[in-house]
There are 2 protein chains.
Amino acid sequence: MSKRGKALILIGDGLGDWPVAALGDRTPLEAAQRPNMNRLAAEGVSGIMDPIAPGVRAGSDTAHLAMLGYDPFEVYTGRGPFEAMGIGLDVRQGDVAFRCNFATVDDHLTVIDRRAGRIEHGTDQLAAALNGMVIEDVTVLFKESVAHRAGMILRGPGLGDKVTDADPHNEGLQVPEVTGADEPSRKTARVLNEFVRRSYQILRDHPVNAKRASEGLNPANIALPRGAGYAPHLGSFEEHTHLTSACIVEVGLVKGIGRYLSMDVIDVPGATGGLDTDVMAIGSAVIEALQTHDFVLCNVKGPDVAGHDNNPSAKVEIIERIDQMLGMILQDIPPETYIVVTGDHSTPCAYMDHSGDPVPLVLWGPGVRVDDVTDFGERTAAKGGMGRIRGKDILMILTGFLGVQEKFGA
Amino acid sequence: MSKRGKALILIGDGLGDWPVAALGDRTPLEAAQRPNMNRLAAEGVSGIMDPIAPGVRAGSDTAHLAMLGYDPFEVYTGRGPFEAMGIGLDVRQGDVAFRCNFATVDDHLTVIDRRAGRIEHGTDQLAAALNGMVIEDVTVLFKESVAHRAGMILRGPGLGDKVTDADPHNEGLQVPEVTGADEPSRKTARVLNEFVRRSYQILRDHPVNAKRASEGLNPANIALPRGAGYAPHLGSFEEHTHLTSACIVEVGLVKGIGRYLSMDVIDVPGATGGLDTDVMAIGSAVIEALQTHDFVLCNVKGPDVAGHDNNPSAKVEIIERIDQMLGMILQDIPPETYIVVTGDHSTPCAYMDHSGDPVPLVLWGPGVRVDDVTDFGERTAAKGGMGRIRGKDILMILTGFLGVQEKFGA
């Protein structure tokens, strides 16, 4: 078997849902006009997929790791590294990542307010003032997130992640000295203590804080890292699969995962991550990427947004637009292209968050065992020839069809 | 997502079966009148469930552990602790549990009969004479089981479970000195050797044995512990799930598991564990428990009894009575209650024991993706929208719906 064909995984973020009374007890996907998804169902094989395992409420990060062939129970080392990716920090394998708070301390470094008055504005400037700091041979990369939150990574040789938090987790306490449990972690601790000290020096007189003081607001005069996590050694996607790959996604977190795996992360003008996103621009980017890559991962965020907002009709509408995008892609794909359409998890409108329900899935391409499902929906897919699989199975199935998977045994 | 709703898992013990010729090639479940189970099928989502994994012949203990969310491959530390629970010993996490034989030894502690003439009567009095013994700072809890068998637990600080057996496993050999593989286990060995010595002192002149001697029967003049097992640290059910819970079951072993997980174990007068059990009394207890608990586990033992007895018509009848009980429960449940009806394993009449077959399962409650199955049976359920899941998936699915499961990832 040698390499052949190409593959596209097209993900409607949070695609799965529950039956909605206002939609005639149909799910938004079931209620949507979706001729192109139905075509794939009719010409392909359908099933349902648990992103992680039955009933498990998947995050977008763990679900995408699974669909890219990694066992999330093995590689998910906590929120630090993945949140840092999510806010756009260029996390690399071997970095140590942290979640941070901007906080307010007094002259004795006693924490007055762990959230610096829940600061909303100016943290980009504060973060920029800390970003790029060098301590010993370690570089600090620092970026603001929402409100008082930020992410930080330490990059340098010989760093460990077994360190205590610089955050006392309660107000009225002094900022604690960070300690490390082993030699590499003692280096990390030394760097962290110096970082915290310098963050106070840099931030206390920062113009953003001077302005806050004049408004009677608590200054964001220190940065407190916590939740150290080693960015796992995953190798590159190509190393694992022998496939060149592109990642066309709207969510920062998933872009971060793509960069982390050295996929070509393609930014699409007009892709907003919202319900107003330009799906045709995304579709064009997919068509183009399939010309030059073996594998393309595409995620459209809209269905998840509508699910979180409990907005079934908006979910129907964005699914219909994704279907139109799929129609455009189908007119212009290379020969021998496999397409998987699925979700990374369910975000039922009535649940307004990621639920543990499986998502529908269809696989289309040369050689698949076409079943008698002709309609793409949560409940029709459950009757398909694929049965019930897991997120991490998808890449094994695709690498098999693409001829790049080693036989296990003789 | 925040906590909402309640859940009931209703288990027909050994519910699954094979097609029976005398029932027109229907299984007992398929042959039974079951309007209420069918209602759940019509309004819910069906599937089949492997208690442990496909083909694995599950015990009631391992199956219930799985359905309560524990991976039996991880937490099942052997029969000692679970058999001790099954005979009604109050096993607690950290205890060391043993299976024991009453045996017959001569004056030199050479084993003449490992089963003390397969003694049938009086072992309750013998066990009571040993129960409560204190050796060093360790308390011995001892209880008879069937025939010459008994269970024992040692409770005290610093005990290990890496000890040899006090049972020579062959007749004609002396009772061996128990040894321990590490410091805590050497303490256990010391206590065990003293226990065995004292058991002989206490039992040799016991009235039960005097009577046996007068009848020419081998005396049960010593207790020989074997198969040491550490009672695993599982935490409480509430700790894991954030759900208050009640356990309304007939089998001692499952009651033991409920107590072990600090569930409220509710005894129901009239619940015999046999085919004559008062299902309506059980149903009333379930209704009451659902008022005051988030989660109720209910197991009716009858179908398993009928399966072991190869009595298909009795199995049909007890299933019909469970269905009536379900009808009563359905009339009086709190709003937003999820119900799962299933078995803990199959006990096919023709097999007369637990088989490796999956069991049918239906999930009913707000938001489930109602499928087109309208009939609850082994073969109809296999066509349902749930597909094929495992015992340990059930609790993940329920905690997802109840809003008490942390998202895995972001």
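Predicted model: local features only at pLDDT ≥ 70, side-chain atom pairs only at ≥ 80, totals over all residues.
How do their interface residues compare? Only 6% of the interface residues of chain A are also interface residues in chain B, so the copies meet through different surfaces.

Chain A on its own contains 15 helices and 14 strands. Its C-alpha atoms fill a box of roughly 70 × 55 × 35 Å along the principal axes. For 410 residues, a compact globule would have a radius of gyration near 22 Å, and the 23 Å of chain A agrees with this. Of these 410 residues, 55% count as buried. Among the contacts in chain A with a separation of 6 or more, 70% are made by residues 24 or more positions apart.

Turning to chain B, an open sheet of eight strands is found, with mixed pairing and the order β10-β9-β11-β1-β12-β13-β2-β14. Its edge strands are β10 (264-265) and β14 (387-390), each of which pairs on one side only. Strands of a sheet pair through backbone hydrogen bonds, and the pairing may be parallel or antiparallel. Both kinds can be followed here. Strands β12 (residues 337-343) and β13 (residues 359-364) of chain B pair in the antiparallel sense over three bridges, and V340(B) stands opposite L363(B) in β13(B).

Helices lie against this sheet. Helix α2 (residues 35-43) of chain B lies across β2 (45-50), β12 and β13, at about 65° to β13(B). Helix α10 (residues 252-260) of chain B also packs on the sheet, where it touches β9 (245-249), β10 and β11 (295-300), and its direction makes about 170° with that of β9(B).

Strand β11(B) deserves a look of its own. Six of its six residues are buried, so β11(B) is largely enclosed by the rest of the structure. F295(B), L297(B) and N299(B) point one way from the strand, while V296(B), C298(B) and V300(B) point the other way. Strand β1 (residues 6-12) of chain B runs parallel to β11(B) and is joined to it by six bridges, with L10(B) opposite C298(B). Strand β9(B) also pairs with β11(B) in the parallel sense, over five bridges, and here V249(B) has N299(B) as its bridge partner.

The largest nonpolar core has 247 residues, and those with the most contacts inside it are I248(A) and I248(B). Leaving out residues up to four places away in sequence, I248(A) touches I266(A), V268(A), I282(A), A285(A), V286(A), A289(A), V296(A) and C298(A).

Is R115(A) buried or partly exposed? It has 16 C-beta neighbours inside 10 Å and therefore counts as partly exposed. Beyond its neighbours within four places in sequence, R115(A) is in contact with N101(A), A103(A) and H148(A). By contrast, A128(A), 13 residues from R115(A) in sequence, lies 19 Å from it in space, C-alpha to C-alpha.

Notes: Residues numbered from 1 in each chain as written. Chains lettered and ligands numbered in written order. Buried ≥ 20, exposed ≤ 12 C-beta atoms within 10 Å, placed from the backbone. Contact = placed C-beta atoms within 7 Å. Pairing = 2+ DSSP bridges. Helix = DSSP H or I, 4+ residues; strand = E, 2+ residues; numbered from the N terminus. Axes fitted to C-alpha atoms, helices over the stretch in contact; angles between N-to-C directions. Core = buried A, V, L, I, M, F, W, Y, C linked by C-beta atoms within 7 Å. Rg over C-alpha atoms; globule rule 2.2 N^0.38 Å.
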